[in-house]
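Have the structure open as you read.

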Amino acid sequence: MPTTALKGTPVVGGIAYGPALWPGERPVYSPSGSADVPEGERDAEANRFTEAAAAVAGRLRERASHSSGVAAEVLSATAGLAEDRGWVGAAKKRIAKGVRAPAAAIAATEEFAALFTKLGGLMAERVTDLNDVRDRVVAELLGVPEPGVPVPDTPSILVADDLAPADTAGLDPSLVTALVTRLGGPTSHTAIIARQLGIPCVVAVSELADVAAGTTILVDGTTGVIEIEPDAEQARSRVEESRRIAQAAAAWSGPGRTADGHSVSILANVADGTSARAATDHPVEGVGLFRTELAFLDRADEPSVDEQAALYREVIDAFDGHKVVIRTLDAGSDKPLKFVSQEHEPNPAMGVRGNRIASVHPEIRTHQLDAIARAAENASVTPWVMAPMIAGAGEAEEFAAEVRGRGLVAGVMIEIPAAAVLAPAILSKVDFVSIGTNDLTQYTMAADRMSAELAAFTDPWQPAVLNLVANVARAGKDLGKPVGVCGEAAADPLLACVLVGLGVTSLSSAPVAAAAVGARLSQTTSDQCREAAEAALAAEDPEAARTAAAAILL
Ligand code: PEP
Ligand code: MG
(Lines give C-alpha, C1' and ligand atoms only; values in the text may rest on other atoms or scores of the structure.)
(Ligands and ions follow the chains in the order given, each with its own letter.)
Protein backbone atom coordinates (compact mmCIF):
# COMPACT_ATOMS: atom_id res chain seq x y z
CA MET A 1 0.00 0.00 0.00
CA PRO A 2 1.31 3.49 -0.76
CA THR A 3 2.08 5.68 2.25
CA THR A 4 -0.04 8.51 0.85
CA ALA A 5 -2.65 8.22 -1.83
CA LEU A 6 -5.44 10.44 -3.12
CA LYS A 7 -8.56 9.13 -4.79
CA GLY A 8 -10.47 10.55 -7.72
CA THR A 9 -12.73 9.37 -10.50
CA PRO A 10 -10.85 7.28 -13.11
CA VAL A 11 -11.56 8.37 -16.67
CA VAL A 12 -8.89 6.97 -18.99
CA GLY A 13 -6.94 3.87 -17.97
CA GLY A 14 -3.18 3.38 -17.90
CA ILE A 15 -0.35 4.17 -15.50
CA ALA A 16 1.91 7.23 -15.51
CA TYR A 17 4.73 8.19 -13.16
CA GLY A 18 6.53 11.53 -13.00
CA PRO A 19 6.71 14.98 -11.42
CA ALA A 20 3.52 16.99 -10.95
CA LEU A 21 3.31 19.97 -13.27
CA TRP A 22 0.89 22.78 -12.35
CA PRO A 23 -0.18 25.26 -15.05
CA GLY A 24 1.08 28.84 -14.64
CA GLU A 25 -0.88 30.98 -12.19
CA ARG A 26 -3.54 33.26 -13.62
CA PRO A 27 -2.21 36.84 -13.35
CA VAL A 28 -3.55 38.92 -10.46
CA TYR A 29 -4.27 42.53 -11.33
CA SER A 30 -6.47 44.90 -9.38
CA PRO A 31 -7.47 47.89 -11.47
CA SER A 32 -7.04 51.16 -9.57
CA GLY A 33 -10.51 52.29 -10.59
CA SER A 34 -9.29 55.64 -11.84
CA ALA A 35 -8.27 56.65 -15.34
CA ASP A 36 -4.68 57.69 -14.57
CA VAL A 37 -2.71 57.42 -17.81
CA PRO A 38 -1.58 60.98 -18.68
CA GLU A 39 -2.97 62.15 -21.99
CA GLY A 40 0.44 62.24 -23.70
CA GLU A 41 1.08 58.57 -22.89
CA ARG A 42 -2.21 57.12 -24.02
CA ASP A 43 -1.14 56.34 -27.58
CA ALA A 44 1.88 54.46 -26.28
CA GLU A 45 -0.34 52.57 -23.80
CA ALA A 46 -2.68 51.62 -26.67
CA ASN A 47 0.31 50.37 -28.69
CA ARG A 48 1.50 48.36 -25.69
CA PHE A 49 -1.93 46.70 -25.59
CA THR A 50 -2.01 45.96 -29.33
CA GLU A 51 1.48 44.47 -29.21
CA ALA A 52 0.61 42.30 -26.19
CA ALA A 53 -2.55 40.99 -27.90
CA ALA A 54 -0.58 40.32 -31.10
CA ALA A 55 2.16 38.49 -29.16
CA VAL A 56 -0.42 36.26 -27.45
CA ALA A 57 -2.20 35.58 -30.77
CA GLY A 58 1.15 34.84 -32.44
CA ARG A 59 2.13 32.28 -29.80
CA LEU A 60 -1.26 30.55 -30.04
CA ARG A 61 -1.00 30.45 -33.83
CA GLU A 62 2.52 29.07 -33.59
CA ARG A 63 1.19 26.25 -31.38
CA ALA A 64 -1.68 25.73 -33.86
CA SER A 65 0.81 25.30 -36.70
CA HIS A 66 2.41 22.38 -34.82
CA SER A 67 -0.96 20.78 -34.01
CA SER A 68 -3.63 19.09 -36.05
CA GLY A 69 -7.36 18.38 -35.96
CA VAL A 70 -9.43 19.72 -33.07
CA ALA A 71 -6.33 21.01 -31.24
CA ALA A 72 -5.32 23.20 -34.18
CA GLU A 73 -8.88 24.50 -34.52
CA VAL A 74 -9.15 25.39 -30.81
CA LEU A 75 -5.80 27.19 -30.82
CA SER A 76 -6.55 29.15 -34.01
CA ALA A 77 -9.98 30.14 -32.72
CA THR A 78 -8.48 31.35 -29.43
CA ALA A 79 -5.82 33.31 -31.35
CA GLY A 80 -8.64 34.88 -33.35
CA LEU A 81 -10.26 36.09 -30.13
CA ALA A 82 -7.02 37.83 -29.06
CA GLU A 83 -7.11 39.78 -32.31
CA ASP A 84 -10.85 40.27 -32.49
CA ARG A 85 -11.45 43.80 -33.72
CA GLY A 86 -14.42 44.33 -31.46
CA TRP A 87 -12.59 43.24 -28.31
CA VAL A 88 -9.36 45.09 -29.16
CA GLY A 89 -11.42 48.18 -30.07
CA ALA A 90 -13.35 48.06 -26.78
CA ALA A 91 -10.08 47.94 -24.83
CA LYS A 92 -8.48 50.75 -26.83
CA LYS A 93 -11.54 52.94 -26.35
CA ARG A 94 -10.96 52.70 -22.61
CA ILE A 95 -7.22 53.32 -22.94
CA ALA A 96 -8.01 56.50 -24.91
CA LYS A 97 -9.86 57.68 -21.82
CA GLY A 98 -6.81 57.07 -19.62
CA VAL A 99 -7.48 53.53 -18.40
CA ARG A 100 -4.33 51.38 -18.04
CA ALA A 101 -3.99 48.61 -20.62
CA PRO A 102 -4.48 45.62 -18.21
CA ALA A 103 -7.58 47.25 -16.68
CA ALA A 104 -8.88 48.02 -20.18
CA ALA A 105 -8.40 44.36 -21.20
CA ILE A 106 -10.33 43.21 -18.13
CA ALA A 107 -13.19 45.70 -18.68
CA ALA A 108 -13.45 44.89 -22.42
CA THR A 109 -13.61 41.19 -21.56
CA GLU A 110 -16.39 41.79 -19.04
CA GLU A 111 -18.35 43.69 -21.72
CA PHE A 112 -17.95 40.90 -24.30
CA ALA A 113 -18.51 38.09 -21.80
CA ALA A 114 -21.85 39.65 -20.87
CA LEU A 115 -22.74 39.87 -24.56
CA PHE A 116 -21.70 36.26 -25.31
CA THR A 117 -23.62 35.01 -22.28
CA LYS A 118 -26.74 36.83 -23.44
CA LEU A 119 -26.44 35.26 -26.91
CA GLY A 120 -26.31 31.82 -25.24
CA GLY A 121 -25.44 28.47 -26.86
CA LEU A 122 -22.04 28.13 -28.47
CA MET A 123 -21.28 31.84 -27.98
CA ALA A 124 -21.78 31.52 -24.21
CA GLU A 125 -19.33 28.62 -24.18
CA ARG A 126 -16.68 30.93 -25.64
CA VAL A 127 -16.59 33.00 -22.42
CA THR A 128 -14.01 30.54 -20.97
CA ASP A 129 -11.80 31.11 -24.05
CA LEU A 130 -12.22 34.89 -23.80
CA ASN A 131 -11.23 34.89 -20.11
CA ASP A 132 -8.25 32.77 -21.04
CA VAL A 133 -7.20 35.29 -23.71
CA ARG A 134 -7.64 38.14 -21.20
CA ASP A 135 -5.34 36.40 -18.69
CA ARG A 136 -2.70 35.75 -21.33
CA VAL A 137 -2.77 39.38 -22.53
CA VAL A 138 -2.73 40.79 -18.97
CA ALA A 139 0.23 38.52 -18.10
CA GLU A 140 2.05 39.78 -21.20
CA LEU A 141 1.37 43.40 -20.20
CA LEU A 142 2.56 42.79 -16.62
CA GLY A 143 5.66 40.95 -17.81
CA VAL A 144 4.80 37.80 -15.81
CA PRO A 145 4.89 34.22 -17.23
CA GLU A 146 1.99 33.40 -19.55
CA PRO A 147 -0.67 31.36 -17.75
CA GLY A 148 -1.41 27.91 -19.10
CA VAL A 149 0.66 24.80 -19.41
CA PRO A 150 4.43 25.31 -19.60
CA VAL A 151 6.37 22.89 -21.82
CA PRO A 152 8.18 20.63 -19.32
CA ASP A 153 11.80 19.49 -19.74
CA THR A 154 11.00 15.95 -18.61
CA PRO A 155 7.82 13.87 -19.04
CA SER A 156 5.41 15.17 -16.39
CA ILE A 157 1.90 14.74 -15.07
CA LEU A 158 -0.29 17.77 -15.56
CA VAL A 159 -2.27 18.56 -12.40
CA ALA A 160 -4.77 21.43 -12.32
CA ASP A 161 -8.02 22.63 -10.83
CA ASP A 162 -9.56 22.37 -14.28
CA LEU A 163 -8.21 22.87 -17.78
CA ALA A 164 -9.23 25.47 -20.38
CA PRO A 165 -9.49 24.30 -24.00
CA ALA A 166 -6.41 26.31 -25.04
CA ASP A 167 -4.43 24.78 -22.14
CA THR A 168 -4.99 21.26 -23.35
CA ALA A 169 -5.17 21.64 -27.13
CA GLY A 170 -1.94 20.53 -28.71
CA LEU A 171 -0.46 18.94 -25.58
CA ASP A 172 2.39 16.61 -26.46
CA PRO A 173 1.57 13.19 -24.92
CA SER A 174 5.26 12.26 -24.78
CA LEU A 175 5.84 15.21 -22.41
CA VAL A 176 2.50 15.36 -20.61
CA THR A 177 1.91 11.73 -19.73
CA ALA A 178 -1.31 12.01 -17.67
CA LEU A 179 -3.96 14.53 -16.62
CA VAL A 180 -5.26 14.89 -13.07
CA THR A 181 -7.78 17.54 -12.06
CA ARG A 182 -9.50 18.63 -8.86
CA LEU A 183 -12.75 19.40 -10.68
CA GLY A 184 -14.51 17.88 -13.69
CA GLY A 185 -16.47 14.69 -14.23
CA PRO A 186 -16.08 11.70 -16.54
CA THR A 187 -17.67 13.70 -19.38
CA SER A 188 -15.75 16.97 -18.77
CA HIS A 189 -13.51 18.70 -21.29
CA THR A 190 -10.41 17.33 -19.56
CA ALA A 191 -11.73 13.79 -19.92
CA ILE A 192 -12.43 14.25 -23.63
CA ILE A 193 -8.93 15.62 -24.30
CA ALA A 194 -7.30 12.80 -22.32
CA ARG A 195 -9.19 10.23 -24.36
CA GLN A 196 -8.09 11.91 -27.58
CA LEU A 197 -4.46 11.96 -26.45
CA GLY A 198 -4.72 8.41 -25.14
CA ILE A 199 -3.13 9.33 -21.79
CA PRO A 200 -4.32 8.25 -18.32
CA CYS A 201 -6.73 10.66 -16.66
CA VAL A 202 -8.28 11.01 -13.22
CA VAL A 203 -10.74 13.80 -12.33
CA ALA A 204 -12.49 15.06 -9.19
CA VAL A 205 -9.47 14.55 -6.91
CA SER A 206 -10.63 16.76 -4.06
CA GLU A 207 -7.31 17.05 -2.17
CA LEU A 208 -5.17 17.70 -5.23
CA ALA A 209 -4.12 21.16 -3.99
CA ASP A 210 -1.91 19.38 -1.40
CA VAL A 211 0.32 18.03 -4.19
CA ALA A 212 3.16 20.53 -4.63
CA ALA A 213 4.71 21.15 -8.06
CA GLY A 214 7.57 18.75 -8.68
CA THR A 215 6.30 16.03 -6.30
CA THR A 216 6.68 12.62 -7.94
CA ILE A 217 3.34 10.90 -8.31
CA LEU A 218 1.96 7.73 -9.83
CA VAL A 219 -1.40 7.98 -11.56
CA ASP A 220 -3.55 4.89 -12.02
CA GLY A 221 -6.19 5.87 -14.57
CA THR A 222 -8.01 2.57 -14.07
CA THR A 223 -8.57 2.78 -10.32
CA GLY A 224 -8.41 6.58 -9.87
CA VAL A 225 -5.66 6.32 -7.21
CA ILE A 226 -2.86 8.92 -7.16
CA GLU A 227 0.12 7.70 -5.11
CA ILE A 228 2.38 10.40 -3.70
CA GLU A 229 6.16 9.72 -3.75
CA PRO A 230 5.73 5.95 -4.33
CA ASP A 231 8.60 3.47 -4.41
CA ALA A 232 10.40 4.42 -7.63
CA GLU A 233 11.28 0.89 -8.73
CA GLN A 234 7.76 -0.45 -8.24
CA ALA A 235 6.31 2.59 -9.98
CA ARG A 236 8.54 2.07 -13.01
CA SER A 237 7.62 -1.59 -13.29
CA ARG A 238 3.90 -0.69 -13.17
CA VAL A 239 4.44 1.84 -15.96
CA GLU A 240 6.25 -0.83 -17.94
CA GLU A 241 3.38 -3.30 -17.43
CA SER A 242 0.82 -0.71 -18.55
CA ARG A 243 2.98 0.02 -21.60
CA ARG A 244 2.88 -3.66 -22.51
CA ILE A 245 -0.91 -3.56 -22.20
CA ALA A 246 -1.00 -0.45 -24.43
CA GLN A 247 1.18 -2.22 -26.99
CA ALA A 248 -1.19 -5.21 -26.98
CA ALA A 249 -4.01 -2.73 -27.60
CA ALA A 250 -2.14 -1.11 -30.47
CA ALA A 251 -1.59 -4.53 -32.03
CA TRP A 252 -5.22 -5.60 -31.66
CA SER A 253 -7.30 -5.25 -34.80
CA GLY A 254 -10.57 -6.99 -34.02
CA PRO A 255 -13.11 -8.40 -34.37
CA GLY A 256 -14.28 -8.36 -30.76
CA ARG A 257 -14.26 -11.72 -29.04
CA THR A 258 -13.22 -13.26 -25.73
CA ALA A 259 -10.18 -15.55 -25.39
CA ASP A 260 -12.49 -18.56 -25.83
CA GLY A 261 -14.06 -17.15 -28.99
CA HIS A 262 -17.34 -15.64 -27.74
CA SER A 263 -18.22 -12.74 -30.10
CA VAL A 264 -18.86 -9.24 -28.73
CA SER A 265 -19.21 -6.41 -31.27
CA ILE A 266 -16.94 -3.45 -30.56
CA LEU A 267 -18.62 -0.35 -32.00
CA ALA A 268 -18.10 3.41 -32.20
CA ASN A 269 -20.07 6.38 -30.89
CA VAL A 270 -20.18 9.10 -33.57
CA ALA A 271 -21.78 12.50 -34.13
CA ASP A 272 -21.70 13.06 -37.91
CA GLY A 273 -20.05 11.95 -41.16
CA THR A 274 -16.68 13.41 -40.22
CA SER A 275 -16.46 11.63 -36.87
CA ALA A 276 -17.78 8.42 -38.45
CA ARG A 277 -15.07 8.47 -41.13
CA ALA A 278 -12.46 9.17 -38.42
CA ALA A 279 -13.82 6.21 -36.43
CA THR A 280 -12.97 3.84 -39.29
CA ASP A 281 -9.27 4.34 -38.35
CA HIS A 282 -9.98 2.37 -35.17
CA PRO A 283 -10.69 -1.37 -34.87
CA VAL A 284 -14.48 -0.97 -34.65
CA GLU A 285 -17.08 -3.09 -36.42
CA GLY A 286 -19.68 -0.40 -36.94
CA VAL A 287 -21.53 2.40 -35.19
CA GLY A 288 -23.29 1.57 -31.93
CA LEU A 289 -24.55 5.09 -31.27
CA PHE A 290 -24.98 7.93 -33.75
CA ARG A 291 -25.94 10.91 -31.57
CA THR A 292 -27.92 12.77 -34.24
CA GLU A 293 -28.70 15.78 -32.04
CA LEU A 294 -25.00 16.72 -31.89
CA ALA A 295 -25.05 17.61 -35.59
CA PHE A 296 -27.75 20.22 -35.03
CA LEU A 297 -26.73 21.97 -31.78
CA ASP A 298 -26.13 25.30 -33.55
CA ARG A 299 -29.26 25.19 -35.75
CA ALA A 300 -32.04 27.69 -35.18
CA ASP A 301 -34.48 25.89 -37.51
CA GLU A 302 -35.27 22.26 -38.06
CA PRO A 303 -33.09 20.87 -40.89
CA SER A 304 -35.08 19.69 -43.90
CA VAL A 305 -35.72 15.98 -44.50
CA ASP A 306 -33.32 16.13 -47.47
CA GLU A 307 -30.56 17.71 -45.44
CA GLN A 308 -31.01 15.20 -42.63
CA ALA A 309 -31.08 12.26 -45.06
CA ALA A 310 -27.77 13.39 -46.61
CA LEU A 311 -26.14 13.64 -43.19
CA TYR A 312 -27.36 10.22 -42.06
CA ARG A 313 -26.26 8.69 -45.35
CA GLU A 314 -22.72 9.99 -44.77
CA VAL A 315 -22.53 7.93 -41.58
CA ILE A 316 -24.06 4.86 -43.25
CA ASP A 317 -21.57 5.18 -46.13
CA ALA A 318 -18.61 5.58 -43.75
CA PHE A 319 -19.44 2.09 -42.42
CA ASP A 320 -20.74 0.63 -45.67
CA GLY A 321 -21.83 -2.95 -45.13
CA HIS A 322 -21.59 -2.75 -41.35
CA LYS A 323 -23.99 -2.18 -38.50
CA VAL A 324 -25.06 1.43 -37.89
CA VAL A 325 -27.32 2.29 -34.95
CA ILE A 326 -28.94 5.69 -35.36
CA ARG A 327 -30.48 7.36 -32.32
CA THR A 328 -33.37 9.76 -32.83
CA LEU A 329 -32.84 13.28 -31.48
CA ASP A 330 -31.97 13.31 -27.79
CA ALA A 331 -32.83 17.00 -27.46
CA GLY A 332 -33.17 18.69 -24.09
CA SER A 333 -31.30 18.91 -20.79
CA ASP A 334 -27.54 19.11 -21.50
CA LYS A 335 -28.15 19.07 -25.29
CA PRO A 336 -30.83 21.69 -26.00
CA LEU A 337 -31.84 22.19 -29.63
CA LYS A 338 -33.23 25.60 -30.54
CA PHE A 339 -35.79 24.21 -32.99
CA VAL A 340 -37.16 21.84 -30.34
CA SER A 341 -37.50 24.67 -27.84
CA GLN A 342 -39.10 23.73 -24.59
CA GLU A 343 -40.67 26.11 -22.10
CA HIS A 344 -38.30 26.82 -19.25
CA GLU A 345 -38.26 23.66 -17.15
CA PRO A 346 -37.13 23.73 -13.52
CA ASN A 347 -35.44 20.32 -13.88
CA PRO A 348 -34.69 19.68 -17.57
CA ALA A 349 -32.85 16.36 -17.03
CA MET A 350 -36.19 15.02 -15.86
CA GLY A 351 -38.26 17.06 -18.26
CA VAL A 352 -39.59 16.79 -21.78
CA ARG A 353 -36.40 15.44 -23.38
CA GLY A 354 -35.40 12.59 -25.68
CA ASN A 355 -38.31 10.67 -27.18
CA ARG A 356 -40.73 12.63 -24.96
CA ILE A 357 -40.33 15.57 -27.34
CA ALA A 358 -42.52 13.59 -29.77
CA SER A 359 -45.51 14.26 -27.52
CA VAL A 360 -45.06 18.01 -28.03
CA HIS A 361 -43.57 18.09 -31.54
CA PRO A 362 -44.62 14.80 -33.21
CA GLU A 363 -43.72 16.19 -36.63
CA ILE A 364 -40.03 16.52 -35.71
CA ARG A 365 -39.72 12.80 -34.99
CA THR A 366 -41.78 11.93 -38.10
CA HIS A 367 -39.47 14.03 -40.29
CA GLN A 368 -36.40 12.46 -38.76
CA LEU A 369 -37.64 8.89 -39.26
CA ASP A 370 -38.57 9.77 -42.86
CA ALA A 371 -35.06 11.12 -43.36
CA ILE A 372 -33.45 7.99 -41.88
CA ALA A 373 -35.61 5.79 -44.13
CA ARG A 374 -34.55 7.85 -47.13
CA ALA A 375 -30.89 7.60 -46.11
CA ALA A 376 -31.29 3.83 -45.80
CA GLU A 377 -32.60 3.40 -49.36
CA ASN A 378 -30.25 1.01 -51.21
CA ALA A 379 -27.91 0.81 -48.23
CA SER A 380 -26.25 -2.60 -48.09
CA VAL A 381 -27.22 -3.07 -44.42
CA THR A 382 -30.50 -1.82 -42.95
CA PRO A 383 -29.76 0.68 -40.18
CA TRP A 384 -31.01 0.08 -36.66
CA VAL A 385 -32.92 2.99 -35.15
CA MET A 386 -33.40 3.60 -31.45
CA ALA A 387 -35.16 6.16 -29.29
CA PRO A 388 -33.56 7.80 -26.25
CA MET A 389 -35.21 8.19 -22.83
CA ILE A 390 -37.82 5.46 -23.00
CA ALA A 391 -39.50 4.69 -19.66
CA GLY A 392 -41.95 1.92 -20.45
CA ALA A 393 -43.22 -0.77 -22.85
CA GLY A 394 -46.00 1.43 -24.27
CA GLU A 395 -43.55 4.06 -25.51
CA ALA A 396 -41.29 1.32 -26.91
CA GLU A 397 -44.18 -0.29 -28.78
CA GLU A 398 -45.35 3.03 -30.25
CA PHE A 399 -41.82 3.91 -31.41
CA ALA A 400 -41.16 0.44 -32.83
CA ALA A 401 -44.31 0.65 -34.96
CA GLU A 402 -43.10 3.94 -36.48
CA VAL A 403 -39.66 2.50 -37.22
CA ARG A 404 -40.79 -0.87 -38.56
CA GLY A 405 -43.40 0.88 -40.70
CA ARG A 406 -40.45 2.39 -42.57
CA GLY A 407 -38.67 -0.94 -43.03
CA LEU A 408 -36.03 -0.24 -40.36
CA VAL A 409 -34.89 -2.25 -37.33
CA ALA A 410 -36.41 -0.90 -34.11
CA GLY A 411 -34.82 -0.54 -30.69
CA VAL A 412 -34.79 1.71 -27.64
CA MET A 413 -32.24 2.96 -25.17
CA ILE A 414 -32.38 1.78 -21.61
CA GLU A 415 -31.26 4.78 -19.58
CA ILE A 416 -34.13 5.30 -17.14
CA PRO A 417 -34.17 2.91 -14.16
CA ALA A 418 -37.86 2.14 -14.80
CA ALA A 419 -36.95 0.83 -18.25
CA ALA A 420 -34.17 -1.34 -16.81
CA VAL A 421 -36.56 -2.82 -14.26
CA LEU A 422 -39.19 -3.46 -16.96
CA ALA A 423 -36.66 -4.71 -19.53
CA PRO A 424 -38.51 -8.00 -20.31
CA ALA A 425 -41.70 -6.12 -21.27
CA ILE A 426 -39.78 -3.50 -23.25
CA LEU A 427 -37.63 -6.04 -25.08
CA SER A 428 -40.74 -7.96 -26.10
CA LYS A 429 -41.79 -4.89 -28.15
CA VAL A 430 -38.50 -4.14 -29.95
CA ASP A 431 -35.71 -5.89 -31.85
CA PHE A 432 -32.84 -4.73 -29.62
CA VAL A 433 -31.95 -2.40 -26.75
CA SER A 434 -28.85 -0.35 -25.95
CA ILE A 435 -28.08 0.65 -22.39
CA GLY A 436 -27.03 4.29 -21.93
CA THR A 437 -25.00 3.91 -18.76
CA ASN A 438 -24.28 7.67 -18.50
CA ASP A 439 -27.91 8.56 -17.93
CA LEU A 440 -28.80 5.26 -16.28
CA THR A 441 -26.16 6.02 -13.63
CA GLN A 442 -27.31 9.64 -13.25
CA TYR A 443 -30.93 8.62 -12.70
CA THR A 444 -30.22 5.53 -10.58
CA MET A 445 -27.94 7.48 -8.25
CA ALA A 446 -30.00 10.72 -8.40
CA ALA A 447 -26.72 12.51 -9.17
CA ASP A 448 -26.22 15.03 -11.98
CA ARG A 449 -23.73 13.57 -14.48
CA MET A 450 -22.27 17.08 -15.04
CA SER A 451 -21.53 17.68 -11.34
CA ALA A 452 -17.90 17.43 -10.22
CA GLU A 453 -18.95 17.21 -6.57
CA LEU A 454 -21.06 14.13 -7.31
CA ALA A 455 -18.51 12.31 -9.49
CA ALA A 456 -18.18 9.50 -6.92
CA PHE A 457 -21.92 8.84 -7.28
CA THR A 458 -21.86 8.88 -11.08
CA ASP A 459 -19.17 6.21 -11.24
CA PRO A 460 -20.43 3.53 -13.72
CA TRP A 461 -19.05 0.81 -11.42
CA GLN A 462 -21.90 1.55 -9.01
CA PRO A 463 -23.21 -1.91 -8.07
CA ALA A 464 -26.81 -0.63 -8.26
CA VAL A 465 -26.27 0.28 -11.92
CA LEU A 466 -24.57 -3.05 -12.63
CA ASN A 467 -27.54 -4.87 -11.12
CA LEU A 468 -29.86 -2.99 -13.48
CA VAL A 469 -27.60 -3.83 -16.44
CA ALA A 470 -27.73 -7.49 -15.34
CA ASN A 471 -31.52 -7.39 -15.34
CA VAL A 472 -31.61 -6.03 -18.90
CA ALA A 473 -28.99 -8.50 -20.17
CA ARG A 474 -30.91 -11.41 -18.61
CA ALA A 475 -34.07 -10.30 -20.41
CA GLY A 476 -32.15 -10.06 -23.68
CA LYS A 477 -30.82 -13.59 -23.24
CA ASP A 478 -34.28 -14.97 -22.39
CA LEU A 479 -35.79 -13.39 -25.50
CA GLY A 480 -32.76 -13.96 -27.75
CA LYS A 481 -32.38 -10.23 -28.49
CA PRO A 482 -29.21 -8.10 -28.55
CA VAL A 483 -28.41 -5.91 -25.54
CA GLY A 484 -25.67 -3.33 -26.16
CA VAL A 485 -24.04 -0.75 -23.92
CA CYS A 486 -23.29 2.63 -25.48
CA GLY A 487 -22.39 4.79 -22.45
CA GLU A 488 -18.86 5.60 -21.31
CA ALA A 489 -18.85 2.40 -19.21
CA ALA A 490 -18.13 0.53 -22.45
CA ALA A 491 -14.82 2.45 -22.78
CA ASP A 492 -13.29 1.00 -19.61
CA PRO A 493 -11.54 -2.32 -20.49
CA LEU A 494 -12.16 -3.93 -17.09
CA LEU A 495 -15.74 -2.78 -16.86
CA ALA A 496 -16.27 -3.94 -20.46
CA CYS A 497 -15.33 -7.49 -19.37
CA VAL A 498 -17.79 -7.23 -16.48
CA LEU A 499 -20.53 -6.05 -18.86
CA VAL A 500 -19.84 -9.01 -21.15
CA GLY A 501 -19.97 -11.28 -18.10
CA LEU A 502 -23.40 -9.82 -17.33
CA GLY A 503 -24.54 -10.83 -20.82
CA VAL A 504 -24.10 -7.64 -22.86
CA THR A 505 -23.64 -8.45 -26.57
CA SER A 506 -22.03 -5.26 -27.95
CA LEU A 507 -19.94 -2.38 -26.58
CA SER A 508 -19.98 1.08 -28.13
CA SER A 509 -17.93 4.05 -26.99
CA ALA A 510 -15.50 6.76 -28.13
CA PRO A 511 -13.55 5.01 -30.94
CA VAL A 512 -10.18 5.68 -29.25
CA ALA A 513 -11.23 3.30 -26.48
CA ALA A 514 -11.96 0.40 -28.84
CA ALA A 515 -8.47 -1.12 -29.10
CA ALA A 516 -7.84 -1.28 -25.34
CA VAL A 517 -11.29 -2.78 -24.75
CA GLY A 518 -10.93 -5.32 -27.56
CA ALA A 519 -7.40 -6.33 -26.52
CA ARG A 520 -8.43 -6.86 -22.89
CA LEU A 521 -11.44 -8.90 -23.94
CA SER A 522 -9.30 -11.05 -26.24
CA GLN A 523 -7.14 -12.01 -23.23
CA THR A 524 -10.11 -12.85 -21.00
CA THR A 525 -12.28 -15.96 -21.06
CA SER A 526 -16.08 -15.88 -20.84
CA ASP A 527 -15.81 -17.66 -17.47
CA GLN A 528 -13.52 -14.93 -16.12
CA CYS A 529 -15.97 -12.28 -17.39
CA ARG A 530 -18.85 -14.03 -15.62
CA GLU A 531 -16.85 -14.46 -12.40
CA ALA A 532 -15.82 -10.78 -12.44
CA ALA A 533 -19.43 -9.77 -13.09
CA GLU A 534 -20.66 -11.79 -10.12
CA ALA A 535 -17.98 -10.27 -7.88
CA ALA A 536 -18.84 -6.73 -9.01
CA LEU A 537 -22.58 -7.29 -8.55
CA ALA A 538 -22.01 -8.44 -4.98
CA ALA A 539 -19.79 -5.46 -4.05
CA GLU A 540 -21.02 -2.71 -1.76
CA ASP A 541 -19.59 0.27 -3.60
CA PRO A 542 -17.86 1.16 -6.89
CA GLU A 543 -14.36 0.89 -5.48
CA ALA A 544 -15.01 -2.57 -4.06
CA ALA A 545 -16.61 -3.61 -7.37
CA ARG A 546 -13.58 -2.44 -9.34
CA THR A 547 -11.12 -4.08 -6.94
CA ALA A 548 -13.02 -7.38 -6.92
CA ALA A 549 -13.22 -7.47 -10.74
CA ALA A 550 -9.54 -6.49 -11.10
CA ALA A 551 -8.49 -9.35 -8.80
CA ILE A 552 -10.09 -11.79 -11.25
CA LEU A 553 -9.24 -10.08 -14.53
CA LEU A 554 -5.71 -8.69 -14.01
C1 PEP B 1 -26.01 7.55 -22.14
O2 PEP B 1 -26.82 8.22 -21.48
O3 PEP B 1 -25.28 6.68 -21.63
C4 PEP B 1 -25.86 7.78 -23.58
C5 PEP B 1 -25.12 6.98 -24.32
O6 PEP B 1 -26.47 8.87 -24.11
P7 PEP B 1 -25.91 10.37 -23.94
O8 PEP B 1 -24.55 10.29 -23.29
O9 PEP B 1 -25.87 10.94 -25.30
O10 PEP B 1 -26.95 10.99 -23.06
MG1 MG C 1 -28.30 9.40 -22.51
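1. Start with Asp 330 and Arg 353, whose side chains form a salt bridge with 3.2 Å from N to O. Both residues sit in the loop between β11 (323-327) and α12 (357-360), so this pair ties together parts that are 23 residues apart in sequence. Keep in mind that this is a predicted model.

2. Buried or exposed: what are the two partners? Asp 330 is buried, because its relative accessibility is 0%. Arg 353 also comes out at 0% relative accessibility, so it counts as buried.

3. Now look at helix α9 (residues 232-251), which holds both Glu 241 and Arg 244, 3 residues or about one turn apart. Their side chains meet in a salt bridge at 2.9 Å, N to O. Glu 241 is partly exposed at 36% relative accessibility, and Arg 244 is partly exposed at 48%.

4. Asp 527 is exposed, at 53% relative accessible area, whereas Arg 530 is partly exposed at 43%.

5. How many salt bridges are there by this rule? The count is 34. Some salt bridges link up into a network, whose members are Arg 26, Arg 59, Asp 132, Arg 134, Asp 135, Arg 136, Glu 140 and Glu 146.

6. Last, a nonpolar spot: Leu 115, Leu 119 and Met 123 make a surface patch of about 270 Å². Leu 115 belongs to helix α4 (residues 101-119) and is partly exposed, with 45% relative accessibility.

Methods. Residues are numbered from 1 along each chain as its sequence is written. Chains are lettered from A and ligands numbered from 1 in the order in which they are written. This is a predicted model: local features need pLDDT of at least 70, side-chain atom pairs count only at pLDDT 80 or more; totals for chains, interfaces and linings use all residues. Side-chain values use heavy atoms; hydrogens and water are left out. Patches are made of residues with over 30% relative accessible area and no salt bridge: like charges are joined within 9 Å, nonpolar side chains (Val, Leu, Ile, Met, Phe, Trp, Tyr) within 5 Å. Accessible areas come from the Shrake-Rupley method with a 1.4 Å probe; for residues, only the protein chains shown count as cover. A salt bridge is a side-chain nitrogen of Lys or Arg within 4 Å of a carboxyl oxygen of Asp or Glu. Helices (H or I, at least four residues) and strands (E, at least two) are DSSP runs, numbered from the N terminus. Buried means under 20% relative accessible area, exposed over 50%, partly exposed in between (1.4 Å probe, protein chains only).
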